[in-house]
Amino acid sequence: MQPEVVHPAEGKPMNFTQIYFGGDYNPEQWPEEVWAEDARLMQQAGVNLVSLGIFAWARIEPRPGAFDFAWLDRLMDLLHAHGVAVNLATPTAAPPAWMVRLHPEMLPVTADGVTLWHGSRRHYCPHNPDYRRYARRVAAALAERYKSHPALAMWHVDNEYGCHVGECFCPRSTAAFRDWLRARYATLAGLNAAWGTAFWSQTYTDWEEIEPPRAAPAQKNPAQQLDWARFTSDSWLACFQEQRDVLKAAAPDVPVTTNFMSFHRPIDYFEFARHEDVVSIDSYPDTSDPGWAAVSAMTFDLIRSLRQGEPWILMEQAASQVNWRQRNAVKKPGVMRLGSLQAVARGANGILFFQWRQSRVGAEKFHSAMLTHAGTESRTWREVQALGRELPCLNALLGGRAKAQVAILMDWHNWWALELDSKPSNDLKLLPGLRAWHRALYQRNIPVDFAHPESDLSRYRLVIAPHLYLVSDAAAANLAAWVERGGVLLMDYFSGIVDPNEQMRPGSYPAPFRGLLGLEIEEFVPYSPEGRNSVLTADGRRFETRFWADVIHLRGAEALARFEQDYFAGSAAVTRNAYSRGSAYYLGAELEPAGLEWLLERVLGEAEVQPVLAGLPEGVEAQRRADSQREWLFLLNHNAFPVRVRLPAGGRDLLGGQAVGGEIELPASGAAVIETVIDRSRQ
Ligand code: GAL
């Protein structure tokens, strides 16, 4: 029996007819004479989609309830006449000054009680009823006006929910938190039990006594903090949902999205993505970091996973520099193209930028754009134009999916709980662990998804569970059932410790996984930054460990490596437990990268997982998309020198337009997308 999938997608998957190419378009910053040039140059660059009006609320509704659509009408018509479709935004991320003046209590308040004022963006409390009413009204007005406009391709709701202001502590938010808690627990007795308020005399006798987790003298109640994180995430989703409903009521067939932000802590994207028609993401890797491509690959793999592999859109990336790092590296020649093709390789059907034309005013004057201050006589423009010409060559693969046999487990609730304070080590964070595993797989060109622990894992051969500290009964049962059916699980330290209320699971660690892993953990031993241990593997390798050690007692598992030092020298550090038709590995230490490689080699071998292509030169990324008839092999050369790659089969390079045989040469920073027909008779 298949486990129930807890995150079925609700929206209607978007039907792509071409690879989208374009960017955020902010014409309200420019005199109207410039618009005609914009449209002409968009056409020249191959732009076929722009996100319009994202921050244009003050222009759309200059006075309360008085809408000015004349300028937007002209733009919609102009863009349509130039073959550019519109991703029309609700402008609700930048409320106008008049609204703040009328309703100053709509401004967000930080945990320290500081009000964040108008004069930037995202200055609203997600719980303020006046703001919410205005947001619905402007969304409805836009929907009514443009629902049948031929340029309209999709809706873009708000902008980067939870960015800048992740949470709000104003009185409205406090009241909304109490309502949310009432709905969750029904009774105060239920809340007191779930929050463990017997501790430090925290018992509540009236709902009105409950506050958000504000600044407090000592550690705050962890369950209260966890519920606050859940509540906040739900609130951003509620803001989205009510706009989506308004848009859908007017235009049921027009897809709705909002732009996500990579691994963004305030919002449970697995939950949120279910309510969209298509997932989109903004990605700004720092390309001065030689490992930037591994960073963006991880973002793209997450996004693809949120709606179980459906195609998605890269809604924003920089054509070159951003303006918000301490030092803003340019994207060197070829890097923007490589990053764009990497997104397509990992499932994107749209490549868009922030923004079309570089701003002359405001805070983003030094942020690059498709059309920079240097105009068309610039490297950026030439690279943008070249990409715009190239992407339509890939239209054949719109229905192709990037599939993985390996999943890394990811659960926002675990992330929130793991990083609360008062742990054996408060230095334990989730993302470094995720990154280490993902990077090791990335370097081997092994495709990887991120999966929710309660989701259907049946398509995977190997599942990696980094620091799965908070785990529900359903997730624990799901993992065990999947291993029973033959899966290979690799779990690492500080997993299976608390339940969804952040309460200790009874008995020795890791309570829900003792049987599955065939071991018990007596205690955790976090080290000082200088502290070291080492492990000796059963096959004679020695690896350094730092930061963390578990004191493990075997209860059926075999030891693959044992600690060499400290009072628990000789006890197991890495284990394997044969469990029904599968096996469960456990890593009770922070292994140096070579050790992770050693362990990965072993689990990949047992799970029989192969890379996309074996024997690739270092620095060459390979990824595959496929539909039922064809496969597209993406090869991206991240090296500053040419490389030769041996191919399993000949095909046609869609980028170069030529047939290729058993080998291909990729220039420095070069790429190829090789299309082959799947030979069903050989399967
Ligand atoms: C994004 C945002 C855009 C723009 C961009 C600059 O986070 O959605 O509006 O500010 O950053 O990199």
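**A walk through a predicted model**

Leu457 is buried, with a relative accessible area of 1%; buried means under 20% relative accessible area, exposed over 50%, and partly exposed in between, using a 1.4 Å probe and protein chains only. This is a predicted model, in which local features need pLDDT of at least 70 and side-chain atom pairs count only at pLDDT 80 or more, while totals for chains, interfaces and linings use all residues. Residues are numbered from 1 along each chain as its sequence is written, and side-chain values use heavy atoms, with hydrogens and water left out.

Leu457 sits in the loop between strand 11 (448-451) and strand 12 (462-465). Helices (H or I, at least four residues) and strands (E, at least two) are DSSP runs, numbered from the N terminus. Leaving aside neighbours within four places in sequence, Leu457 is in contact (heavy atoms within 4.5 Å) with Leu409, Ala451, His452, Val463, Asn478, Leu479 and Trp482.

The protein chain as a whole has 17 helices and 27 strands. Its radius of gyration is 26 Å, close to the 26 Å that the globule rule gives for 683 residues, so the chain is as compact as a globular protein of that length. The radius is taken over C-alpha atoms, and the rule is 2.2 Å times the number of residues to the power 0.38. Buried residues make up 60% of the 683 residues. Of the contacts between residues at least 6 apart in sequence, 72% join residues at least 24 apart.

Helix 11 (residues 335-345) is mostly covered, with ten of its eleven residues buried. Among them are Val335, Met336, Leu338 and Gly339. Just after helix 11, Gly347 takes a positive phi of about 110°.

What surrounds the ligand? The residues around the ligand are Phe55, Arg121, Asn159, Glu160, Asp282, Tyr284, Glu316, Trp324, Phe354, Glu364 and His367, each with a heavy atom within 4 Å of it. This shell divides into four nonpolar, two polar and five charged residues. Here Ala, Val, Leu, Ile, Met, Phe, Trp, Tyr, Cys and Pro count as nonpolar, Asp, Glu, Lys and Arg as charged, and the others, Gly among them, as polar.

An oxygen atom of the ligand is 2.6 Å from an N or O atom in the side chain of His367. For the side chain of Asn159, the distance from a ligand oxygen to an N or O atom is 2.8 Å. Taken alone, the ligand exposes 310 Å², and the protein buries 94% of that; accessible areas come from the Shrake-Rupley method with a 1.4 Å probe.

Notes. Polar contact = N/O pair within 3.5 Å; in protein donor to acceptor, adjacent residues only side chain to side chain.
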